[in-house]
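Visitor: I would like to learn how to read a model of two chains. Where do we start?

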Amino acid sequence: MKLLKLKFNFNVKPLLNYILIIVVTALFLASIFIALPLTEKYVSKTNYNLNLKDNTYWSQEFIVSTENTETKALNDLRNIFYKRLKGFGVEEVSTYIDNDKIRINVTTSKDKDLVKELISNKFDVKVVTRKSDVNFDDSENTYAYMLGTNYDNTEWDRSDFRNVYITKLRTSSGTYANFAIFKLWPAGEVKFNKFLLQYNGQSIGVDIDGFVTPHVVDATSKVFAIPISTEDAQQLKVMSLLYNSGVVGTNFKIDSQTDLTVNVPTVNYIQITLGILVALVVLYLYLFISKTTSPDVLLKSLLATTLTISIYLASLKIFQIPVDPFLLSIEAILAIAVTRIIAEGKDSVFYIELFLLIVLASTIFLGNGFVSIIAQDMLIITALAKLCLVISAWYINKVKKI
Amino acid sequence: MDIIINLFNNWTILEKVNTLILIFIILLVVPGFVWIFTKQAKLAHISFDSLAIAGVLTLITLVVTNLVFKVDITYTFKLIPFIVFFIVILCIGTMTGFYMQNHKQRDFDMTKVKAEAFNDAFRLTISCILLFTAFAVLTPSILLPILLSLGLSLATIWLHYFLVFKLLK
């Protein structure tokens, strides 16, 4: 008896398309839902609050007096303070010279103690050798190896090294720890290696503001590094800034530290979301009624804008990235404007993106304070808008074919 | 003029150098690229003028706001130049894009660029008015900076169009 052969003439592609559209739609709706305010009231498993910097801001004025009160010395010190604070991400810094003292006004959400470390430490780095008349093995003075007074200065200090790089290195016990690697200027390498050869197998040290970290010289090693006792990322960042923001030429001290009123505006997140919704509805309703743009382009633009803002806000919530709410409102306006322009002007997209990339990238590195922060955010949002436009066009195309 | 003197004194040498380089990049590199792509000195000239006048207008507005209306120029006001330059870049980008897409057509002339510049200016104006107004109403703590940004953005959009209209023949 012949068995009947069953032939399945079944096209899998439309089914897969349906499934893909359903999955993508679910992702779109999820990102919109997460981006909306008050999500955290309905979903308790994960924290869907925006990590707002509003309540973490503080503002202080530091008055710093120096031994050398010449204008050049004061200006050099101001430059170093600015580099340190800007490098750490302090939102607003202003410094000025008043009666031969430096006034530093700081408004930031960063850790107070770490900011104070950046301002209070001279960080005078010198390579030192042990004094021959000091007993470092004295059991009654176990801290002798740490005191700068027990060491002799050498000709080597921070200015002889082009950079101090902090990274993890393998220790002798096989584990990894943080070290500060001193990288020499090429012209000084040979001379420094000769210096180290003199002390091969012996302990020398790196004196930082009178406290010494010992270093046992191994002439076979090409790396001159000292251990760092912290694992905290922020403290490591502070150390790197202290090492690399410049050599302070004069002694100084903080005379006073005064609290100031914080001048950062507070904006309600619900107000911003309402603003975005109202702005989108009013703008696209006007565009639809006035027929200035074709409905296809309008739909693509609306979907792309909604996705851009939703994905951006959802990412901020999921990764708990600290954010300033007043910046969010300005970013939303610019995001809606740029997405509309890019959606409508196919011929202009490359030029708009190129010019924005040049200006935003320059502002990130050369700008300061909130301007630098908003430039960084807008670069991400512009790239996201471009991606969302592509996704929107694909999505609308797929849905039309169903 | 106190605001400018204070600004100058409160900046370190590094900040002044960084700001000068940033202004150089915005005023020269962007028009430079416009010239490289379009080979039209007039379009590069319009780009430079739009950016330079936008910068000067923003500075004057902030000085007048501080001196005449006795408003403290806080951190939020420092974002106004960023917003204004962002809008100007959009205008320059659309102008360059339109020219590059259409200049090889047989019946192309600069009147088409002028017409397109008008349409772009009109669309951007409506967008800015609706967007900025919605946020100004709903976020009163930053009302004044948003309104100033709106005013300056509209001024620079139509300034750009005026330059296109007058300088392109």
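Visitor: What percentage of the residues in chain B is buried?

Guide: This is a predicted model. A residue counts as buried if 20 or more other C-beta atoms lie within 10 Å of its own. In chain B, 41% of the 169 residues are buried.

Visitor: How many helices and strands does chain B have?

Guide: Six helices and zero strands. Along the sequence the pattern reads α-α-α-α-α-α. The C-alpha trace of chain B spans about 55 × 40 × 20 Å along its principal axes. Take the contacts between residues at least 6 apart in sequence: in chain B, 75% of them join residues at least 24 apart.

Visitor: Now the strands. Which strands of chain A are joined to E3(A), and how do they run?

Guide: First, a general idea: side chains in a regular strand alternate between the two faces of the sheet. Now this case. E1(A) is antiparallel to E3(A), with eight bridges. Val64(A) has Ile102(A) in E3(A) as its bridge partner. E2(A) is also antiparallel to E3(A), with seven bridges. Here Asp98(A) stands opposite Lys101(A).

Visitor: Which residue takes a positive phi in the hairpin of E2(A) and E3(A)?

Guide: Asn99(A), with phi near 55 degrees. Two residues lie between the strands of this hairpin.

Key. Residues are numbered from 1 along each chain as its sequence is written. Chains are lettered from A and ligands numbered from 1 in the order in which they are written. This is a predicted model: local features need pLDDT of at least 70, side-chain atom pairs count only at pLDDT 80 or more; totals for chains, interfaces and linings use all residues. Two strands pair if DSSP finds at least two bridges between them. Helices (H or I, at least four residues) and strands (E, at least two) are DSSP runs, numbered from the N terminus. A residue is buried if 20 or more other C-beta atoms lie within 10 Å of its own, exposed if 12 or fewer, and partly exposed in between; C-beta atoms are placed from the backbone. Two residues are in contact if their C-beta atoms, placed from the backbone, lie within 7 Å.
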